[in-house]
Structures are given as structure tokens and as C-alpha cells.
Amino acid sequence: MSKIIGAETITKVETQPQGKIIAYWSVTLLLAAAVMLSGIGQLMQYGGNIELVKNLGYPLYVLTILGTWKVLGAIALVVPGFPRLKEWVHAGIFFLMTGAAVSHAFAGDYGFPIILPLSYAALNIASWALRPKSRML
């Protein structure tokens, strides 16, 4: 007669280097703050947003659309869970920022109006690349 006294289960937990986690959160929080402030500014039609949109040839209601998506996207980046939603947010931010840079280039706004959205796109790529396994699909 055989008797099982106990069973041992070993779970291997993969940990990420502390530096990578710090880099991820630093970049992601900076990106989320920039996108959130930009979205709030657009929703409030604050500063030069009205002139900016008019100079690019877009209607003013674009500010409401972009501002709403930016605020929701910034929130989605920092809340836990929802890895598929985060993938969509990263894609959306990339398309939004590269589209902004191209719009400025076509309107003849060179320099800072092109560099700023491209720097946000670079932050977005860094945030996506550094994301922990729990935020991946």
C-alpha cells in the first residue's frame, strides 16, 4: 500500500529588473501627464489651441474629439489591467502624434511644432517597449 504524504508545487515567478520597472513608470507617467494636460487644454480650448487648429485648417470641434480621446487614453495608460486597451491606446497615441507632426509639416510649421509631437511619439514607443509582462497581450 502506497501512501502519499504530501505534494509540493513549485511556482516560478519571473521578476523584471528594478531598473526596467522604474524606467517604464517614469516614461509612462511622463507620457500620461503630457497627454492628459494636452487633452485638458484642448477640451478647455485653452491657450493657442484655437489658433493652432484654425492654422492647420481643421474645424474647432476637432479639439473636443482629440481632447476627449487624450484624457481617456492617459487614464487607460495608468490604470491596472486591460492589456488590450493599453495596446490600442499606444497605437492611438502614435497615430495621433505622428499625424500632428505631418499636419504641421504640410501647413509649413517647422521646428518645435513638429519636434514636440514626435518626442511624444518617441516616449510612447519607449513606454510600449518597456512595459511589464503583465501589460502585454
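1. Start at glycine 108: this residue follows helix α4, and its phi is positive, near 85°. Helices here are DSSP runs of H or I with at least four residues, strands are runs of E with at least two, and both are numbered from the N terminus. A word on the source: this is a predicted model, in which local features need pLDDT of at least 70 and side-chain atom pairs count only at pLDDT 80 or more, while totals for chains, interfaces and linings use all residues. Residues are numbered from 1 along each chain as its sequence is written, and side-chain values use heavy atoms, with hydrogens and water left out.

2. Now look along α4 itself. This helix has 25 residues and reaches 36 Å from its first C-alpha to its last, close to the 36 Å expected at 1.5 Å a residue. The expected span is 1.5 Å times one less than the number of residues.

3. Which residues of α4 are buried? They are Lys86, Val89, His90, Ile93, Met97, Ala101, Ser103 and His104. Buried means under 20% relative accessible area, exposed over 50%, and partly exposed in between, with a 1.4 Å probe and protein chains only. The buried residues of α4 pack against α1, α2 (49-56), α3 and α5. Take isoleucine 93: leaving aside residues up to four places away in sequence, it touches Leu31, Val35, Leu77 and Asn124. Contact means heavy atoms within 4.5 Å.

4. Next, the surface. Isoleucine 40 lies in helix α1. Is isoleucine 40 buried or partly exposed? Isoleucine 40 counts as partly exposed because its relative accessibility is 34%.

5. Finally, the whole chain. Its secondary structure comes to five helices and zero strands, and the elements run α-α-α-α-α from the N terminus on. Buried residues make up 29% of the 137 residues. Among contacts with a separation of 6 or more, 70% are between residues 24 or more positions apart.
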